[in-house]
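Please have the structure open as you read along.

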Amino acid sequence: MSETLDETVARVMAGVNTTIADGDSMFAGSTEHYFSVSRDALRAVLAALHVTGRGEPKRLLDFGCGYGRVLRSLRAAFPSTELIACDMDPTALASCAEAFGARAITGAPDPDHIEQVTDVDLIWCGSVLTHLDAPQWGPLLRYFSRALAPGGVAVVTTHGRRMAMRAEAGKDYGLDARAIDRVLAAYKACGFGYNDYVGYDGYGISLSSPGWAVQRALEAPDLRLAGYDEAAWDRHQDVMVLVKDANATLKADL
């Protein structure tokens, strides 16, 4: 009898590297929460591969890898896969290269200034679009489209209705009350809101409705929506599954 998804996730997580690097900004003192976030990401990735009928990836890109909170579970799940780690923090990249055997590529605010990888079977992008304004979404999603091999899968997280509810209940997301009000007002008006963090230009908090996020994703060449699961990552961020096969799939038998 084959494993259930939950059984597979539990088995993989039992073999995860549990060393948390010094300086890992995603570690806030709770190892239980840190590894539950990694577990949720693994579950989302395995579910995405199952629903799209894809097997174990040969090449995998963790875009916005940090110190490897998620990359560690992907390494445990896919021990033979070539891992590519991308981040703007050189210390985090070096940590991922050493701990998980990943090839490091340096991130940049403009995706056109990032080394263009290709023939990637799986992309994980957790909590990157959640920090970007609307004009930055298109270039990043097009980068993913160019990176994916035909039939490749991208698993991308966004801030959706759960984040809006939390903000309305008083969660400040690092912004002052007026900034949060502006984000929520724009979101309610058009499906998207954004505000920079204080002292940062082009980096802050975004809030996007499922419809808005899906529409932006489908503007990237040859990407097809294969799934959208609200608040599936850490009971907070939405998980969107995209496949690079729109032309082949949608034009079949026309």
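A crossing of two helices is called right-handed if the near helix is turned clockwise from the far one by less than a right angle, and left-handed if anticlockwise. With that in hand, we can turn to this predicted model.

**The helix pair**

In this model, α1 passes α2 in a right-handed crossing. Helix α1 covers residues 5–13 and helix α2 residues 31–52; their axes lie 10 Å apart, at an angle of about 130°.

Which residues of α1 meet α2? On the α1 side they are Leu5, Asp6, Thr8, Val9, Val12 and Met13. Their partners in α2 are Phe35, Ser38, Arg39, Leu42, Arg43, Leu46 and Ala47. By type, the residues of this contact comprise eight nonpolar, two polar and three charged.

**Positive phi away from glycine**

Now for the backbone. Asp222 is not a glycine, yet its phi is positive, and Arg235, not a glycine either, also has a positive phi.

| Residue | Phi | Loop | Relative accessible area |
|---|---|---|---|
| Asp222 | about 65° | between α8 (210–217) and β8 (223–233) | 23% |
| Arg235 | about 50° | between β8 and β9 (237–244) | 68% |

Are these residues buried, partly exposed or exposed? Asp222 is partly exposed at 23%, while Arg235, at 68%, counts as exposed.

How values were computed: Residues are numbered from 1 along each chain as its sequence is written. This is a predicted model: local features need pLDDT of at least 70, side-chain atom pairs count only at pLDDT 80 or more; totals for chains, interfaces and linings use all residues. Side-chain values use heavy atoms; hydrogens and water are left out. Axes are lines fitted to C-alpha atoms, for helices over the stretch in contact, and angles run from 0 to 180 degrees between N-to-C directions. Helices (H or I, at least four residues) and strands (E, at least two) are DSSP runs, numbered from the N terminus. Contact means heavy atoms within 4.5 Å. Ala, Val, Leu, Ile, Met, Phe, Trp, Tyr, Cys and Pro count as nonpolar, Asp, Glu, Lys and Arg as charged, and the others, Gly among them, as polar. Buried means under 20% relative accessible area, exposed over 50%, partly exposed in between (1.4 Å probe, protein chains only).
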